[in-house]
Amino acid sequence: MSESFKVCFCCSRSFKEKTREPPVSIKRLFEAYSRNGKMSFDELLRFVSEVQGERHAGLDYVQDIFHSVKHHNIFHHHGLVHLNAFYRYLFSDTNSPLPMSGQAPLSHYFVYTGHNSYLTGNQVNSRSSVEPIVQALRKGVKVIELDLWPNPSGNAAEVRHGRTLTSHEDLQKCLNAIKDNAFYVSDYPVMITLEDHLPPNLQAQVARMLTKTFRGMLFRCGSESWKHFPSPEELKKKILISTKPPKEYLESKTVQTTRTPMVKETSWSRVASSTNMARGGENKILEEKGELESEAVGGYRDLIAIHAANCKDPLKDCLSDDPEKPRRVSMDEQWLETMVRTRGTDLVRFTQRNLVRIYPKGTRVDSSNYDPHVGWTHGAQMVAFNMQGHGKQLWIMQGMFRANGGCGYVKKPRILLDEHTLFDPCKRLPIKTTLKVKVYTGEGWDLDFHQTHFDQYSPPDFFVKIGIAGVPRDTVSYRTETAVDQWFPIWSNDEFLFQLCVPELALLWFKVQDYDNDTQNDFAGQTCLPLPELKSGVRAVRLHDRAGKAYKNTRLLVSFALDPPYTFR
């Protein structure tokens, strides 16, 4: 049988029919753990223990594998499986390279964080909507940012990107979207970071909206004083508000409510007595107004679970640590780069108790993103991204938060939490382990893509790029050979070696492309995997589209090994 591609009205090209035949290396692997072409329970158990590194596995675990592929109807009698059943198991979701899914404080976790979460496109003139908020929460994002401004009438708060041509969105709709989707992925807390540009009367209005919308879900500090943030486990099913305390707004006002000082009466003071009386009355009104403003913003202030401040000058000591009250500090990516050059270890120390939020620089009007590892390697918990964007940096962000079951919280490695020996990413470190990666084959493109999606006149020519995202010394990439005219490509047995100094912060990324001689190569899938949770052995690696959505069928078959074996802490 053959597959035909139409070249012109009267001609066509024929290619060998698409098949799912296991590569020779997989056949040899099966033969090593089977007898007479059949694999028993005990032999499969030995395979998952010795090759896949599943030391905990027992017969129940093997039984689950049998159940996961039984719908293929490719079993021998008495529960034995032959080569094709084994091959289908290797490509199944049961054989994922990541585990299927704390008690430490919030500052000990990386948190999946969004930037300008309400925007659907660029930062200049795109539409504001609740849709990206819903999508982000349903993907596991746990920090939503809302910019609050007075509406044109000045009688209500609205959500918009100030001083731009972007549209506005109703605040209540945004709060309802958060309430309905906050715990779609996991019960761990959701933080709302408010960029507040409101006067006191609207702050009080927002406080009432927050209280009415979230009710018992809203976390209130009350009179408690923390030396450390609570843990995500303690904050399950809670909504936390983080913004600057309203007193900073009051202090920025030029109107002063101080009393007019008494002076000794003179001849010119008698002439001005009526004017002074009038001013005294105005001062009294201003004092009363100030008291009302203070009372109004008091309710707003009491809702703030995490006090925030901006770090606008890296030379100023914005990293001072109050031992009685942890806080959140925000800086853009440019200030971060300056900070890590001058005070990198101070930043690592600060993030052991406090939260640091990084956001894109203002010139990223296209909603692009930056290298998240600059923040992560210095302990920054909240590396805020434009989730509506695309590209490699967003794929790395998505890869990081596939860890811990995709719950939106990933425990920081111990190297970032050691108070005695502060981690310095710029310091030259020894190689701790070597990751060995071998790409065998792939499948599923024929089911997820149209026959002529990649090439009009022939099957695709796939190759794979593989690389490490991490500290600069660990960052390297390779590519496979091109498998010409194959829907089920089989690559050579070349093994790619990645020497790693900081494996705790490394992510392994894959990008598959269809090679085109005359035009740009076609995208054919990508994924990114956190190394600390990567399982050894031969694994099925699901691929995703540009936006990070997993394809239904497309995946690679890849082997992983760490030499020497490394224990992540």
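Colleague: Which handedness does the crossing of α1 and α4 have?

Modeller: The crossing of α1 and α4 is right-handed. Keep in mind that this is a predicted model.

Colleague: What describes two packed helices?

Modeller: Two numbers do: the angle between the axes and the distance between the axes. Here, helix α1 covers residues 24-32 and helix α4 covers residues 83-90. Their axes lie 11 Å apart, and the packing angle is about 110°. Angles of 65 to 115 degrees count as roughly perpendicular, so α1 is roughly perpendicular to α4.

Colleague: Which residues of α1 and α4 meet?

Modeller: From α1 come Ile 26, Lys 27 and Phe 30. They meet Leu 83, Phe 86, Tyr 87 and Leu 90 in α4. By class, this contact of α1 with α4 has 6 nonpolar residues, no polar ones and 1 charged.

Colleague: Now the other pair. At what angle do the axes of α6 and α7 cross?

Modeller: At roughly 30°, with the axes of helix α6 (residues 171-181) and helix α7 (residues 200-214) coming within 10 Å. An angle under 35 degrees counts as roughly parallel, so α6 is roughly parallel to α7. As for handedness, α6 passes α7 in a right-handed crossing.

Colleague: Which residues make the contact of α6 and α7?

Modeller: On the α6 side they are Leu 171, Gln 172, Leu 175, Asn 176, Ile 178 and Lys 179. On the α7 side they are Val 206, Met 209, Leu 210, Thr 213 and Phe 214.

Colleague: How many residues of the α6 contact with α7 are nonpolar, polar and charged?

Modeller: The contact of α6 with α7 has 7 nonpolar, 3 polar and 1 charged.

Technical notes. Residues are numbered from 1 along each chain as its sequence is written. This is a predicted model: local features need pLDDT of at least 70, side-chain atom pairs count only at pLDDT 80 or more; totals for chains, interfaces and linings use all residues. Side-chain values use heavy atoms; hydrogens and water are left out. Axes are lines fitted to C-alpha atoms, for helices over the stretch in contact, and angles run from 0 to 180 degrees between N-to-C directions. Helices (H or I, at least four residues) and strands (E, at least two) are DSSP runs, numbered from the N terminus. Angles under 35 degrees count as roughly parallel, over 145 as roughly antiparallel, 65 to 115 as roughly perpendicular and the rest as oblique. A crossing is left-handed if the near helix is turned anticlockwise from the far one by less than a right angle, and right-handed if clockwise. Contact means heavy atoms within 4.5 Å. Ala, Val, Leu, Ile, Met, Phe, Trp, Tyr, Cys and Pro count as nonpolar, Asp, Glu, Lys and Arg as charged, and the others, Gly among them, as polar.
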